[in-house]
Amino acid sequence: MPRKQRCRWIERYPDHWEFTPEEASEEEPVVMSLDEFETIRLLDREGMTQEQCAKKMGVARTTVTAIYNSARKKVAIALTDGKRLLIRGGNYQLGDQKVGELKEKEDDSFRIAVPYEDGEVFGHFGRTQQFKIFDAKDGKIIGKQVVDTKGNSHGALVGYLKAAQVDALICGGIGMGARNALTEAGIRFYVGVTGAADDVVNDLLAGTLLDNPDIRCEHHHGCQHHEQED
């Protein structure tokens, strides 16, 4: 019977999930797993030794070596053959995220997060300083709480939402990196929404929320504007 793979710890979700050459090959893209990406990040970006990386990821050094070699091979193929490089899936466990004073989620409840400012849906997911968290059951709101994000990156924000057991996100503009992270985390998202946070959550629960999945945030450094895809 084959031995079950030990789950690898990663610190956070990436902010960038796809890399495409100027003249990309028509062939199938190269897919790098999140645990492979983490070895590249820790060893090459952070300068850790393989022993340090192994300890951080909770695996043996030989396992790190194997994951790292696989990751480097994929980078080499993407660079030399001009293929798209996608970061997706893998055998990993997201590192522990602090959720502060957030109340524990009740059984059978549905948790919704909204980027929040002055009572309204804040328009730029990656720049939000606060989330308003709603807990609902049987179609009614049973609890609300505002929590600080401390200005984290897209990947870290999604990691926080996952740790907070959020089921759905209602937001204004949001980039593809954050969308990919939310999809990986299993969090539903409703995009292009404006208005009072409480009202849009009630609309979602009533099945009348008006969202626009084609709205995206195009600015990569601060998300200053929205554009609608053709």
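The questions and answers below go through a predicted model of one protein chain.

Me: How many helices and strands are there in the protein chain, and what percentage of its residues count as buried?
Reply: The predicted chain holds six helices and 13 strands. Residues count as buried when their relative accessible area is under 20%. Of the 230 residues of the protein chain, the share that counts as buried is 42%.

Me: Among contacts between residues at least 6 apart in sequence, what percentage join residues at least 24 apart?
Reply: A contact here means heavy atoms within 4.5 Å. When the contacts in the protein chain are limited to residues at least 6 apart in sequence, the part that joins residues at least 24 apart is 65%.

Me: What percentage of the accessible surface of the protein chain belongs to carbon and sulfur atoms?
Reply: The accessible surface of the chain comes to about 13100 Å². Within that area, the part that belongs to carbon and sulfur atoms is 45%.

Me: Is helix 5 largely enclosed by the rest of the structure or exposed, and which of its residues are buried?
Reply: Helix 5 spans residues 176-185, and seven of these 10 residues are buried, so the helix is largely enclosed by the rest of the structure. After helix 5 comes glycine 186, which has a positive phi, near 75 degrees. The buried residues of the helix are Gly177, Ala178, Arg179, Asn180, Ala181, Leu182 and Ala185.

Me: Which parts of the chain are tied together by lysine 56 and glutamate 11, and how many residues apart are they?
Reply: Side chains of opposite charge can pair when their charged atoms come close. Lysine 56 and glutamate 11 form a salt bridge in which the closest N and O atoms are 3.6 Å apart. Because lysine 56 belongs to helix 2 (residues 50-57) and glutamate 11 to the loop between strand 1 (8-10) and strand 2 (18-19), the pair ties together parts whose separation in sequence is 45 residues.

Me: What separates glutamate 38 and arginine 41 in helix 1?
Reply: The side chains of glutamate 38 and arginine 41 meet in a salt bridge of 3.0 Å, N to O, and glutamate 38 and arginine 41 are buried. Because glutamate 38 and arginine 41 are three residues apart in helix 1, what separates them is about one helical turn.

Me: Which residues are linked in a network of salt bridges?
Reply: A search of the whole structure finds 16 salt bridges. Glutamate 38 and arginine 41 form one of these pairs, and both belong to a network. The linked residues are Glu11, Arg12, Glu38, Arg41, Glu46 and Lys56.

Me: Is aspartate 108 buried or exposed?
Reply: Aspartate 108 sits in the loop between strand 5 (92-94) and strand 6 (110-117), and its phi is near 65 degrees, a positive value in a residue other than glycine. Since exposed means over 50% relative accessible area, aspartate 108, with 76%, is exposed.

Me: Where does glutamine 165 lie?
Reply: Glutamine 165 has a positive phi of about 65 degrees, although it is not a glycine. The residue is partly exposed, with a relative accessible area of 45%. Its place is the loop between helix 4 (154-163) and strand 10 (168-170).

Notes
Residues numbered from 1 in each chain as written. Predicted model: local features only at pLDDT ≥ 70, side-chain atom pairs only at ≥ 80, totals over all residues. Heavy atoms only, no water. Buried < 20%, exposed > 50% of the residue type's maximum accessible area, 1.4 Å probe, protein only. Helix = DSSP H or I, 4+ residues; strand = E, 2+ residues; numbered from the N terminus. Areas by Shrake-Rupley, 256 points an atom, 1.4 Å probe, with all protein chains shown as cover. Salt bridge = Lys/Arg side-chain N within 4 Å of Asp/Glu carboxyl O.
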